[in-house]
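My entries follow the display.

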Amino acid sequence: MGASLARAVQWTSVAGSGSGKLELSPMNEKLLNDIIQFIESFGGKHPEESKYVFKEALSWNTTLTASAFGSGYDIGASQIKSQDKDPNGVPLLELDEGTLKVRTLDQAANVIKMSKEKCTNEVRLCLEANRDPLVKILGAAYATVDTEDSTLIRMVEKNKSESSEESSLLLRFLLIMQQFDMRLLNSCMQEISKQVRLSPSTVNADVALLQSFAGESPNTPLKNIKFTSPHVFSNECRALPWRQVHGDICYVIIDPHDGEKFCVTASTYGCFVNGGFNEDTLEVLDFEKRGEVYKDLVTLLRSKSNRFAENISKKVITLQFYVRIITCFIFQEFSSHHGTPRETDKDTIITSELSMENEKEDESATEKQLKNQKDKTLKPSLKWKSLEDSRKNEKEESKKKKKKSTTSPPAGRRASYYGRKTPQDEDDFSESSDDSEEEEEVQDRRQDAGSDLPSEYWQIQKLVKYLKGGNQTATIIALCSMRDFNLAQETCQLAIRDVGGLEVLINLLDTDENKCKIGSLKILKEISRNVQIRRAIADLGGLQTMVKILQSQNKDLKCLAAETIANVAKFRRARRTVRQHGGIKKLVALLECPANSCDAGKDVEVARSGALALWSCSKSTKNKHAIRRAGAIPMLAKLLKSQHEEMLIPVVGTLQECASEPSYRLAIRTEGMIEDLVTNLKSSNSELQMHCAAAIFKCAEDKATRDLVRQYGGLDPLVALLPQSDNKELLAAATGAIWKCAISPQNVERFQELKAIEQLVGLLNDQPEDVLVNVVGALGECAQEPANRLIIRKAGGIPSLVHLLTGTNQALLVNVTKAVGACATEPENMSIIDKLDGVRLLWSLLKNQN
Amino acid sequence: MSKKNQKLAEDMLRTSSQKHFNKTELECLIHFYQNLMGHVKMDRNQFRDILHQRFNMTEDLLMDRVFRAFDKDSDSFISLIEWVEGLSIFLRGTQEEKIEYAFTVYDLNGDGYISREEMFQMLKTSLVKQPTEEDPDEGIKDLVEITLKKMDHDHDSRLSKTDFRDSVIIEPLLLEAFGPCLPDEKCACAFENQVLVVKKHRG
């Protein structure tokens, strides 16, 4: 009894402090019932032993009252004593002010009989008061110890030497007790093996599976499911350590199709809905249970969301299969916990399940996913550790994983989720976000392994083999031949990566052979237009090597390296790598274009490639500062005077990108670049015009700049760009520049002269929102002038403006209200607005806007 | 000595076809040659030593071919004038000169074409032999085919000088398609600094 009480019984969390309570769990219930049965039947089976008098009485605060006691007891005022007494004359049962003392099992059985339906409670109280009953029954020498138990042997020895009646009785009693102990333990074991104990890996696997099912479409079981915290502790739990003490593993936010979002606590003893979470911080606000405890997430969701139950039952076979696998896994875990090797059992179970399911399964896709899931379920610790330990290699890891299994959306999704949220990547948050997010999101699209590979694949594989195993000559032939493939085609790009070509190409950059480096860079430059290749190059450390090459003597090499960096540095991590390895300084150094060089063409080419790379890099805020600190601004100003269009585009592009920083705006003005920007507005290249207009758009926040634009005659070319209605980017930039310039009244006058307002009104219809925002902004500024309000009205701008009030774009609405407001100061305009119900629209906006 | 060299250099500047060295540089080259050889002509082994030590060339076949390209009169010796003219292309040649030179080097039998067999000969050592492969020469044969596909514009299964020139103009890396026959930048720089500049200071 000792061992089972010490180990199997579930004490409440305060256990160990001495006054623990037995938890109200099914397992304890069963144990108590077993004990009651044992004690009740004890007298019948072992009449002698049941009379054995305990060394010390078992005492506890009983709930029994005097009324329960019948014959055989002396019932006093406050005391009840049994008539049966031990040889020393002490009564075998005493009740004294609620404290019950029992000295034989016989009496204990009586107590149970008397307490009737409350008997479990009575035993519970007894056990709570006597944590190790055997000590009291047999004496301190028989305390249950975790290590080897030699009590029995000692007993036998003692018995041999003394062979008294009492000691043999004791021996028998002890033997019975130990037998019972064993039986209890066995039944506990059965009970535990029936129970589903959740572990972090099972919960993770659960969530991963559900994530793979989740989606917006109505026939998915649920909309979304995610963890509250991306951080995983070394024990695979996500809950905070002080919550882990209570058994919490992690918290999961579930967004069902029917009903509100809710937060679920997954703990070792099951899943339950907790008191809710904070939408912004994703922190759990209240850890208390709200409702029942379910054995796992799926069961919980089934009962919480009808839609889930409905949709999940469509995948019922799938899920049954999944649940079975989980149970197998738990079974294995359990048996390994208890030291019984059951590997073979588990394997046979799984294989039989698999073969069974394979017959039933009709959707091969889900099945694949499940197989995948199975792998995960069986060895989760490995994977999760790798995720946690090597955040830096994480992308690589996930790639590798993808290589191993054809479809693993959960892993990929999770990896990218970490990628964005880990503290180590915090640096990223500080960087400007105007680059395309989708680039970060692009998932690895891979062909199914089974489908036919194009012939290019095999040819490229052969060439890579020669690259690996050839000397310089063979390498160059292979590199040149590789360039004959259509490197702009994704098949070829990915083929190079998949056959391990990227590694070789990047390794070649580390050699001394300039020819090999050139050949390799020419290929890398082409294939780095592919998003996945960019990532792979960054993962393989290619950027570091290329940054080193920027210092080379060979101009071709410098050019190629800078151009490749320009391609690769299209995502944040790459830009950071370039900066952290001193790339910005080296790129800025490329801008130096010696005026009287014998090889001017080459130098221009080098400067251009440097500007291209800086343009890519300048999309991160920290890089903007680094570029400025490296002294790039005067050099860019010098290059801005260049005649070469292909040079001007990256230079203006970089300036335009950097002009989001006030320091750059100031420098652009003071270095006299406005004039050059205005000049280039008149260029015939629309891309160049677009970047110039965008640069002016950003710079014209400052009054001095606006005046300069006017002085250099920049307003005319801006207005001249307005009819370019098919190039929306150019139009957006031009209207933006006009908007900002129109903040100065003198500029508005000029616009008036140029009849810009009429043209702007003409643009109010059928334009994309980013153009509209600028157009309306410009009109709003112009309308500060009374004369212009008239012009707007005459041009028929009011109805269009009022119509735009019904839009949803915040930035647009702000500008529209401003413009309408400005127009409304004119009584005639006001009447039109009124007629069009504009006031009501404005009112409705007032309700929901700041 | 030095006066004599000066005169030699002046003569050479007037008569020789080379146009990449100035007078002082010529003097240095003459000085280098005479320092090494005395008044004997440079033979194959001595030339090969220079190629090996100064320009890191290792392939026997190509070093022999480079020797032959330098040795215009085919007397198995490199005279002072051959030395200077050869180095002029070797170190500072224009692309056209280098194409001409490289083609001479690669055209093993001097028939004006680089044939399949010649390519095979030159590329023989370019791949690490994989013991697992059935035909160890398969890779080389394949490389030859790749090169032909890339460079043989008139599809006659051999490279004429025009083929070679056109290919190199499109892709300059192919200048040394069949093995190193020109110094790489580093070696060339080192040689020029040691032989052409240092001597000038002394002189």
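**Sheet and helices of chain A**

I began with one residue pair in this predicted model: A:N61 stands opposite A:T99, a residue of strand 5 of chain A.

I then looked up the two strands concerned. Strand 1 of chain A and strand 5 (residues 99-102) of chain A are joined by four bridges in the antiparallel sense.

Next I traced the whole sheet. The sheet is open and is formed by five strands of chain A in the order 1-5-4-3-2, with antiparallel pairing. Strand 1 (58-61) and strand 2 (73-75) of chain A each have a single partner strand at the edges of the sheet, so one side of each is left without a neighbour there. I noted an average twist of 10° from one strand to the next.

I turned to the helices. Helix 4 (residues 105-115) of chain A lies across strand 1, strand 2, strand 3 (79-82), strand 4 (93-96) and strand 5 of chain A, and runs at about 140° to strand 5 of chain A. Helix 5 (residues 119-129) of chain A lies across strand 1 and strand 5 of chain A, at about 115° to strand 1 of chain A.

I asked how many residues of helix 4 of chain A are buried. The count is eight of the 11, so helix 4 of chain A is largely enclosed by the rest of the structure. Among the buried residues I listed A:L105, A:V111, A:I112 and A:M114.

Last, I checked what follows helix 4 of chain A: the residue is A:K116, with a positive phi near 50°.

Key:
Residues are numbered from 1 along each chain as its sequence is written. Chains are lettered from A and ligands numbered from 1 in the order in which they are written. This is a predicted model: local features need pLDDT of at least 70, side-chain atom pairs count only at pLDDT 80 or more; totals for chains, interfaces and linings use all residues. Side-chain values use heavy atoms; hydrogens and water are left out. Two strands pair if DSSP finds at least two bridges between them. Axes are lines fitted to C-alpha atoms, for helices over the stretch in contact, and angles run from 0 to 180 degrees between N-to-C directions. Contact means heavy atoms within 4.5 Å. Buried means under 20% relative accessible area, exposed over 50%, partly exposed in between (1.4 Å probe, protein chains only).
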